[in-house]
Amino acid sequence: MKKKIIAKIVVVFASLIVICIAICAYSIWSYSEVNQLVKADAAIVLGAAAWEDEPSPVLRERINHAIWLYDNEYVDKIIFTGGKGDNSKYAESEVARDYAIEHHIPPGDILIEIESSITEENLRYASEVAFENHLHSFIIVSDPLHMKRAMLMAENTGLEAYSSPTPSSMYQSLNSKIPFWIREVFFYIGYLISWPFRTLVAM
């Protein structure tokens with residue numbers, strides 16, 4: 001009798017886990033289409049790999065979208081994020097800044113941080129740069145399937161933030177989208193689970 005009860009509990013628990021994962025997966029996929037084109041002080045461009053002194057295709061699309069937001073007067077400044085990878089001479093944000101300047105963005109309207117290596121750090125260090133420059137509202141720029149997690153992190157960082165995913169992405173085909181989606185589900189759930197504990201520790 002006890003074995004049957006335990007088996008039922010295990011089945012219910014496993015079912016709940018599957019349902020939670022499915023809900024998170026759906027929310028990440030559906031949120032990828034949310035594009036909040038509002039007037040903000042700055043665009044925060046989340047970091048991606050740089051290849052020596054050139055942006056990778058993923059980073060380039062993010063920069064291009066930030067340039068579009070600037071050119072269309074949705075933002076007055078652009079904050080590029082991302083530090084140096086292993087054995088890299090240039091930080092991702094430095095490469096992004098140089099690319100933006102080459103595409104006619106005034107250097108005075110570009111801010112960077114060069115310390116971060118993960119999304120949460122991108123946003124935390126960008127918020128410090130923003131505070132120093134009296135910027136208060138932000139459009140977050142990243143790949144569509146990254147936006148759900150990025151926006152949750154922005155909210156927990158205390159940023160007034162709006163979502164604007166790149167209209168084009170390296171992750172176009174199902175063969176590239178599905179692995180990226182699965183990865184985001186894994187990291188999103190991990191962040192949801194870890195956040196309360198980190199908040200308690202910070203207190």
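The legends below describe an overall view and several close-up views of a predicted model.

Residues are numbered from 1 along each chain as its sequence is written, and side-chain values use heavy atoms, with hydrogens and water left out.

**View 1. Overall architecture of the protein.** The secondary structure consists of six helices and seven strands, where helices (H or I, at least four residues) and strands (E, at least two) are DSSP runs numbered from the N terminus. Their order along the sequence is α-β-β-β-α-β-α-β-α-β-α-β-α. The C-alpha trace spans about 75 × 45 × 40 Å along its principal axes. Of the 203 residues, 43% are buried; buried means under 20% relative accessible area, exposed over 50%, and partly exposed in between (1.4 Å probe, protein chains only).

**View 2. Helix α2, residues 57-71.** Eleven of the 15 residues of α2 are buried, so the helix is largely enclosed by the rest of the structure. Among the buried residues are P57, V58, L59, I63, I67, L69 and Y70, and E61, R62 and H65 also belong to this buried set.

**View 3. Helix α4, residues 119-132.** Buried positions in α4 include T119, E120, E121, N122 and L123. After α4 comes H134, with a positive phi near 60°.

**View 4. The negative surface patch.** E52, D53, E54 and E102 form this patch. Patch residues have over 30% relative accessible area and no salt bridge, with like charges joined within 9 Å; a salt bridge is a side-chain nitrogen of Lys or Arg within 4 Å of a carboxyl oxygen of Asp or Glu. E52 is found in the loop between β2 (50-51) and β3 and is exposed at 61% relative accessibility. Its phi is positive, near 55°, in a residue other than glycine. E54 belongs to strand β3 (residues 54-55) and is partly exposed at 47%.

**View 5. H104 in a loop.** H104 lies between α3 (92-102) and β5 (110-112). Its phi is positive, near 75°, and H104 is exposed, with a relative accessible area of 71%.

Note on methods:
Predicted model: local features only at pLDDT ≥ 70, side-chain atom pairs only at ≥ 80, totals over all residues. Patch = residues over 30% accessible without salt bridge, like charges linked within 9 Å, V, L, I, M, F, W, Y side chains within 5 Å. Areas by Shrake-Rupley, 256 points an atom, 1.4 Å probe, with all protein chains shown as cover. Lys, Arg positive; Asp, Glu negative; His and termini not counted. Charge placed at Lys NZ, Arg CZ, Asp CG, Glu CD. Expected span 1.5 Å × (residues − 1).
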